[in-house]
Amino acid sequence: MQKDGWELVEQSRSALRTTLEFRRPKKPMPWLLIGAGAAVLVILTAVIGAASALSGGDEKKDESGRSSAAAGAPSTTATPAPTPTAAESAASDVITPENNPEFAALLKTADTCDAANLDFATRYEGRTVAFDGSIVNMAHHGDYDTRYDLLLGPGDKGPQTTVGPDFKYEDVNIFELKLTGKEIPATVGEGDTFRFVAEVGEFNATQCLFYLDPVSTEVR
């Protein structure tokens with residue numbers, strides 16, 4: 001065992017056996033290899049340190065450049081215009097005597113067959129109008145008990161209305177008038193006053209009737 005590099009450390013004897021304790025010392029590493037490993041470690045540390053320094057310098061340079069550019073460049077961001085609400089958009093699309101001189105003049109014409117009726121209906125067909133008016137005449141539509149033909153006029157004079165077109169709601173029931181207001185009546189009749197909001201239909205030049213489709217009818 002000594003030939004294989006083992007050393008006898010201790011020997012103990014007893015009546016029945018003898019115990020021998022050996023050890024095998026570790027061979028020392030050559031100094032040349034230790035020096036080479038240390039040199040490699042130093043070189044790697046230096047390379048990593050240099051790369052980190054260059055990277056940090058570039059980042060700082062980029063950040064500095066971006067900061068300078070941001071500070072020197074004029075702001076091109078414009079404050080967006082406020083978007084109108086649905087109610088505001090709807091209100092601006094409704095034609096009234098206050099925002100449309102042509103409609104204001106039409107409501108004051110004394111001739112229900114005037115060519116201005118046809119001109120207005122042709123130009124604004126499908127648009128929405130609103131005006132204060134009253135029911136000039138109300139009659140059952142055909143043989144129906146709950147469907148009506150309503151003749152409307154501007155103002156509050158009901159059957160005594162003498163100006164404006166003969167606006168007509170044809171074949172409508174009370175529900176289709178879409179009544180609104182604080183006190184909604186169960187039915188309507190001649191002389192009742194409302195704020196009519198309606199869609200422009202055609203003008204029948206033979207009958208001198210200006211057809212409208214109800215959008216809403218507000219009790220006044």
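1. Strands β1 and β2 form a hairpin, with four residues between them. β1 covers residues 7-13 and β2 residues 18-23, and the two pair in the antiparallel sense over six bridges. Strands count as paired if DSSP finds at least two bridges between them. R13 stands opposite T18 in β2. Helices (H or I, at least four residues) and strands (E, at least two) are DSSP runs, numbered from the N terminus.

2. On the basis of the values: this is a predicted model, in which local features need pLDDT of at least 70 and side-chain atom pairs count only at pLDDT 80 or more, while totals for chains, interfaces and linings use all residues. Residues are numbered from 1 along each chain as its sequence is written, and side-chain values use heavy atoms, with hydrogens and water left out.

3. The structure holds ten aromatic pairs. In one of them, F103 and F120 are stacked, because their ring centres are 5.3 Å apart and their planes are at 25°. F103 belongs to helix α3 and F120 to helix α4 (residues 115-124), so this pair ties together parts that are 17 residues apart in sequence. Rings of Phe, Tyr and Trp (its six-membered ring) pair if their centres lie within 6.5 Å; planes under 30 degrees apart count as stacked, over 60 as edge-to-face and the rest as tilted.

4. F103 counts as buried at 1% relative accessibility, and F120 is buried with a relative accessible area of 1%. Buried means under 20% relative accessible area, exposed over 50%, and partly exposed in between (1.4 Å probe, protein chains only).

5. The rings of Y169 and F196 are edge-to-face, because their centres are 6.2 Å apart and their planes are at 85°. Y169 lies in strand β5 (residues 167-172) and F196 in strand β7 (residues 193-204), so the pair ties together parts that are 27 residues apart in sequence. Both Y169 and F196 are buried.

6. Ring pairs link a cluster whose members include F103, F120, Y169 and F196. Also among them are Y124, F131, F167, F194, F203 and F210.

7. T96 is in the loop between α2 (86-93) and α3 (101-106). T96 counts as buried because its relative accessibility is 11%. Leaving aside neighbours within four places in sequence, T96 is in contact (heavy atoms within 4.5 Å) with F103, A130 and R195. The C-alpha atoms of T96 and V129 are separated by 5.8 Å, although these residues are 33 residues apart along the chain.
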